[in-house]
Amino acid sequence: SLRDIAIGILDEPRWELNDTLCESEFRIIHGTRYDINRSTGTERLSGMAANGCDSLVVGKLSFRSTLSGRYDIALCPEDSLLLNGKYYSHRIPAGLDTLQGQSTGGCDSVVAVHVTPLSTPEGRMDTAICESETISIQGTTYGAGRLSGTERFNRMGSNGCDSLLHVQLILLPARVSPYEDTLCPGEQIRIGTTVYDANRPTGQEHFTAVNGCDSTVNIRLHFP
């Protein structure tokens, strides 16, 4: 005998996975990795539908672009910049840093760092002083025992950096000269504020020389 058999074809369940990720993120769908290099695809899940049939998962991923920027800064030789755990300075003037989770949607961003090096302003101080004189520069005493040196002035440069002053002194010696004369008995001579005669034929007088330093005159008189 013949029988009529009705065969019903069940629909194959199908659903889509739509997601937006950062460029460094990925999803695993049925053992397959989907990332920026593989953003779409279809996975068949055997016998996983409610009706016992296979089901399909269609992956459709989109990705946010990684934001990039540039950070320019001018630094003095004595300064450094700490960014994302890394130091930048005259010795390390450039680099790329990834700031994790700092961009839109919690994605990473990349910043290019560029340091413009500022120079240390330098100057010279050449001056002459007398043997007995000293000058003080920033707490350092210069004189006969210290004729040269370099002083650092904190943040005193025109560019806001430290500045250096190179000091060089020229020492002017004290001038000593003799004065001798022969006078007649009973004569006298005044030198400075002192009167010299037979009772005071010798002595020493102090004056200021043309260069501003001390000048000493050793006096000796003779009487026949």
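Which residue forms a salt bridge with D79, and how far apart are the closest N and O atoms? The residue is R155, and the closest N and O atoms are 2.6 Å apart.

## Basis of the description

The structure is a predicted model, in which local features need pLDDT of at least 70, side-chain atom pairs count only at pLDDT 80 or more, and totals for chains, interfaces and linings use all residues. Residues are numbered from 1 along each chain as its sequence is written, and side-chain values use heavy atoms, with hydrogens and water left out.

## Salt bridges

The model contains 8 salt bridges, a salt bridge being a side-chain nitrogen of Lys or Arg within 4 Å of a carboxyl oxygen of Asp or Glu. The bridge between R155 and D79 links distant parts of the chain: R155 lies in the loop between β14 and β15, D79 in the loop between β6 and β7, and the two are 76 residues apart. Strands here are DSSP runs (E, at least two residues), and helices are likewise DSSP runs (H or I, at least four residues), numbered from the N terminus. R155 is partly exposed at 39% relative accessibility, and D79 is partly exposed at 22%. These classes rest on relative accessible area: buried means under 20%, exposed over 50%, and partly exposed in between (1.4 Å probe, protein chains only).

Two further bridges can be described individually. D126 pairs with R124 at 3.1 Å, N to O; D126 is partly exposed, with a relative accessible area of 49%, whereas R124 counts as exposed at 57%. Salt bridges that share partners also join E78, D79 and R155 into one network. The side chains of D72 and R70 meet at 2.9 Å, N to O. Here D72 is partly exposed at 42% relative accessibility, and R70 is exposed at 55%.

## Disulfides

There are 3 disulfides in the structure, each defined as a pair of cysteine sulfur atoms within 2.5 Å. With the bonded cysteines of the protein chain numbered in sequence order, the pairing is 1-3, 2-5, 4-6. C22 is joined to C107 with an S to S distance of 1.9 Å. The torsion about the S-S bond of C22 and C107 is about -85°, so the disulfide is left-handed. C22 counts as buried at 4% relative accessibility, and C107 counts as buried at 3%.

The sulfur atoms of C76 and C161 are 2.0 Å apart in a disulfide. C76 is in the loop between β6 (67-75) and β7 (81-83), and C161 is in the loop between β14 (148-153) and β15 (163-172); the pair therefore ties together parts that are 85 residues apart in sequence. A torsion of about -85° about the S-S bond makes the disulfide of C76 and C161 left-handed, and both cysteines are buried. C130 and C213 are joined at an S to S distance of 1.9 Å. This pair links strand β11 (residues 122-130), which holds C130, to the loop between β19 (202-208) and β20 (214-222), which holds C213, 83 residues apart. The torsion about the S-S bond of C130 and C213 is about -90°, so the disulfide is left-handed, and both cysteines are buried.

## Other cysteines

C53 is found in the loop between β4 and β5 and is partly exposed, with a relative accessible area of 25%. The C-alpha atoms of C53 and D97 are separated by 50 Å, the two residues being 44 residues apart along the chain. C184 counts as partly exposed at 44% relative accessibility.

β4 is joined to β5 (residues 55-64) by 6 bridges, and the two run antiparallel. T42 stands opposite V58 in β5.

How values were computed:
Pairing = 2+ DSSP bridges.
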